[in-house]
Amino acid sequence: MSRLPRAGVGFGLAAALSLAATWAGAAWAGEPQRAIVIGTEGAFPPWNITRPDGTLIGFEPDLLQILCQRANLRCQLVAQDWDGMIGALQAHKIDVIADALQITPARKAVLAFSLPYAITTGVFVTQKDSPLARMANRGLVLDLDASPTPERQTEALSALREELRGKTLGVAISSTYDGFLDKYLAGVITIKSYRTMGERDLDLLSGRIDLTLDDTTYLRPLLAAPDARDLVLVGPELIGGELGAGEGFGLRKDDTALAERLNAAIRSAVEDGTVRRLSLKWFKADATPALDARPGATGGGPQP
Amino acid sequence: MMDDLSLLGFGPDGWAPLLLKGCMLTLAVSATSMAIGTVLGVLLAWARLKGPRWLRRTALVYGVVLRGVPELLVILLLYFGLPSLILSLAETFGWDAPGLPPPFLIGSLSVGLVSAAYQAEIFRGGVGAIAKGQFEAARAMGFSDLQCFHRIVLPQVARIVLPALGNVWQFNLKDSALIAVTGLSELMRTSLVAAGSTRHPFLFFGVAMALYLVLTTLSSTAFHYGGRYSNRWDRG
Amino acid sequence: MTVPPPVLTATNIRKSFGDREVLAGISLEAREGEVISILGGSGSGKSTFLRCLNLLEVPDEGQIAIGDVQAPLARNRHGRLEVSDGRAAARLRMQTAMVFQGFNLWPHLTVLQNVMEAPLRVHRRDRDEVLATARSLLERVGMAGFHAAYPKRLSGGQQQRVAIARALATNPKLVLFDEPTSALDPERVREVLALMRSLAEEGRTMIVVTHEMAFARDVSGRVVHLMNGRVESSGSPAHMFGADATAAFRAFLAPAAL
Amino acid sequence: MGEHLTFIASVTALLVRAVPVTLLILAVSGVCATALATGLTAMSVARSPLPRLIQRTWTFLFRGTPLILQIFMIYYGFAMVPWIRHGILWTAFRDPVFCTCLAMTCCCSAYIAEIFRGALAAVPRGEIEAGRACGMTGFMLLRRVIAPSLVRIALPSYSNEIIMMTKSTSLASTITVLDITGVAQQVIAHSYRTLEVFCAAAALYLLINAGLSALLAALERRLDVDRAVPSISVPPTLEPLS
């Protein structure tokens, strides 16, 4: 039995070589260094992107490089499919999920979260020649946490239901938007699940699905690409509620030590403007979360 | 067109290095699973032919299940199930949490387990296809079971099973594409990632098909010559 | 005149397959240099008896000794005889050799390799010595020119001659022939019989299950007639084929005589 | 334990609802692949070289590449070809079930054609000569002498291929079809309980395969398939090593 881990590491290196980036963190006062494996999809630009030469780049790899240094962690970043991510975490295959993971109530049932390191909105995208291209309330930001719910928001949501009735919407399997779709659009639309964003995008381009709902930070750069010129952002932008309280790292519930280290590092990166700098670089917009403004929303930290 | 060519090149935007790496990984996974399948297959065939009753039954059930369940399901089951199984075993017996098997190992193991079920049938049939007189002639001369297996059975079984093993190898090679779902960047997944991120699926799946054709053709040629060699005494 | 020592002693051999009793208690002793022909109709148990002698079939009852090696037969907990010691069984078989109806040459080995296999692997004899013996034996059976051929390329008669060379290669105390000519064309039968006759003249101890009456009459020293799993009659060829033959043996011979 | 069982029961109920999708894919591609394979077999014995070349190329292409890749090529790759994407064909190609059936038809027809071809070569020449000697020619010879023999010889391998096809239908799940495997993965995405769900799905596939095997075995018995011909002789019993 004792041979298994070593053999495993050998194979792991061989297998992950093309998609892995390893950083050695500088010594940091207090905590001893710890080696962790971070899972990411490597196919969710601009958060994480696989380059043709196999290296991982993007907002999260950049941010993690800094966070790992500050938390004195030796981080190995490995690419793997999104639909196995939570299973892999629970099976100790990886220790952290870094894949633009929205902190949602549904996910908090199975995962612990770090503090949010970004907050972004969800938005719909469809084909320019689709009737949905003329959807109402374009650009209106709906805060699903707003209480009491503004009348304009209620109207916008019911308009959305009417416009989307009978349409097919594609999402990546176990996506952030499951909770939202269940609550507001169940029975109204047909949902198709895809293993990766890439496959869903191909089906959006081919017209097999009418629209998709995803993060603005992912969709804006996608729409800028020349082969996606037939696509357009439509409808209101969504934030809060089932969509979650920003993006955080997914952790195992019992791994409180790791959560504390990462939280401290995130807090420092938010406060010293690192997050702002990196989000401007990758998203062309500031996605810095307000760590203390929403006490309820930041409650991603593990319960002792 | 120039766009397409640069996508397939070795330049900064070219996917050629990753695709070639994918090819190597596909070969490595297939070879590992073939080896796992051969070792386990021989054991299973032995269990079916000479094992005690309970072992014969177990081997039989193994064959029925592994040949009846989709390979994709076996891969997914092992990929998701095995780590938690190892963990709960470790917890039960109070071991330190062992390192968890990486996708390469899980992929080779799952394809290998399926491969073993087929190879066991092949070996069993191969031993069965040897004329009974062959064993008798050996035993009448005082050969032990082991000598009989090594000197008489093995060379003849090799000839009988080699073409069938060639087929299993081809299946392994193609089944290894299913390991893509575990995120191992072998040829299939590399082409999928490339297709998704460049949005040129036709190009990349076409290239991947061509590469698989190269792999299957080369290996079937190799098996052909191996078969001719092991068959040299059978050409009347 | 000294009586040569017995090479084979088989006592009260019984064997049933299911409900059918094939051997109902047969005893046979073969002395050194003796050639014994076993005759009998089909189903008389002659092949089964022969196969019991080197334990290819395990008898239900009886004892077998070849030279000074006793067959390692013992009762298991169900009261059935079984081979109690595989090594001892192999030792017993090393004293004997067998020539089969279907030749049973190993197809993946050349003629020379077939002949050398057992003395090299089982008897672990010196390679040069084995090679010399094998070559001279192949010469002896008239197959010297075929040492590099694979069995598939040979005719039945040639294969059987190689099989006889293979049987002799270990210099066995006793050679068992199980209908060696039954699978051959008539013209090939003659070459194999001639070879067997020369072996008999050489003083080999042989037990031959055969349908060749001429061989039994002219070559063997003793003829044993089996019927319904028993020795119906036995004696010298002169006696068996003479006027004193039993009615049953005559009846057996009758169709052959026609 | 009881909670496990209720979970498995509820999952099984969900999975059973997906069985028709799996069976539909199997039935459509099974029938189409067999028909296409018959055509390919005919081409393989044609006198002119062109049909033979087509058959050989077809076999090479579809047996040499993984089915999952063929499915992706047809589903995602063809969707980017303008004349398919904007033509009348799009109504068919936009449907993932159609794409799976098409890929499986192409792929499995190559395998089945090889089975038929082997069986054709194994039809004893004597039977054909006997037919000729009675004055049979052409179609009658094919229908009365060759075909019955061919079906008997091919059936065991053909049954195997059908079982392989049943397993292959699970690949439909990779292009959004909610067949048994697709639903299983969907359930896992919501429940994170992999072991129970996959075991339930595996049991369903085994059940389907057992049913199909029984059906095909009955057909073999009905056609009185001569077991002595293709099957391997009884394994020898070696004496136990004591």
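User: How many residues of chain B are in contact with chain D?

Analyst: This is a predicted model, in which local features need pLDDT of at least 70, side-chain atom pairs count only at pLDDT 80 or more, and totals for chains, interfaces and linings use all residues. Residues are numbered from 1 along each chain as its sequence is written, chains are lettered from A and ligands numbered from 1 in the order in which they are written, and side-chain values use heavy atoms, with hydrogens and water left out. Contact means heavy atoms within 4.5 Å. On the side of chain D there are 42 such residues, and on the side of chain B the number is 42.

User: Which element gives the largest share of the side of chain B that touches chain D?

Analyst: Helices (H or I, at least four residues) and strands (E, at least two) are DSSP runs, numbered from the N terminus. Those giving two or more residues to this side include α2 (16-50), α4 (71-93) and α9 of chain B. The largest share is 10 residues, and it comes from α9(B).

User: What area do chain B and chain D bury between them?

Analyst: Buried area is the accessible area (1.4 Å probe) that two parts lose on being put together, summed over both. Carbon and sulfur atoms carry 80% of it here. B:L73, B:F202 and B:M209 supply 15% of what chain B buries against chain D, more than any other three residues. The area for the pair is about 3,800 Å².

User: Which residues form the salt bridge between chain B and chain D?

Analyst: Side chains of opposite charge can pair when their charged atoms come close. A salt bridge is a side-chain nitrogen of Lys or Arg within 4 Å of a carboxyl oxygen of Asp or Glu. Across this interface the rule finds 1 salt bridge. Its N to O distance is 3.3 Å, and its partners are D:K167 and B:E71.

User: How are α7(B) and α9(B) oriented to each other, and why?

Analyst: Axes are lines fitted to C-alpha atoms, for helices over the stretch in contact, and angles run from 0 to 180 degrees between N-to-C directions. Helix α7 (residues 145-175) and helix α9 (residues 201-230) of chain B pack at about 175°, with their axes 9 Å apart. Angles under 35 degrees count as roughly parallel, over 145 as roughly antiparallel, 65 to 115 as roughly perpendicular and the rest as oblique. The two helices α7(B) and α9(B) are therefore roughly antiparallel.

User: How many salt bridges does the rule find across the interface of chain A and chain D?

Analyst: Here 19 residues of chain A are in contact with 19 residues of chain D. The buried area is about 1,600 Å², with 50% from carbon and sulfur atoms. For salt bridges between chain A and chain D, the count is 0.

User: Which residue pairs with A:E237 in a salt bridge?

Analyst: A:E237 lies in strand β14 (residues 231-239) of chain A, and its partner is 17 residues apart, in helix α8 (residues 216-224) of chain A. The N to O distance is 3.6 Å, and the partner is A:R220.

User: Which residues does a cis peptide bond join in chain A?

Analyst: Most residues other than glycine have a negative phi, and most peptide bonds are trans. The cis bond has an omega of about 0°. One of its residues, A:P46, lies in the loop between β3 (43-44) and β4 (48-50) of chain A. The bond joins A:P45 and A:P46.
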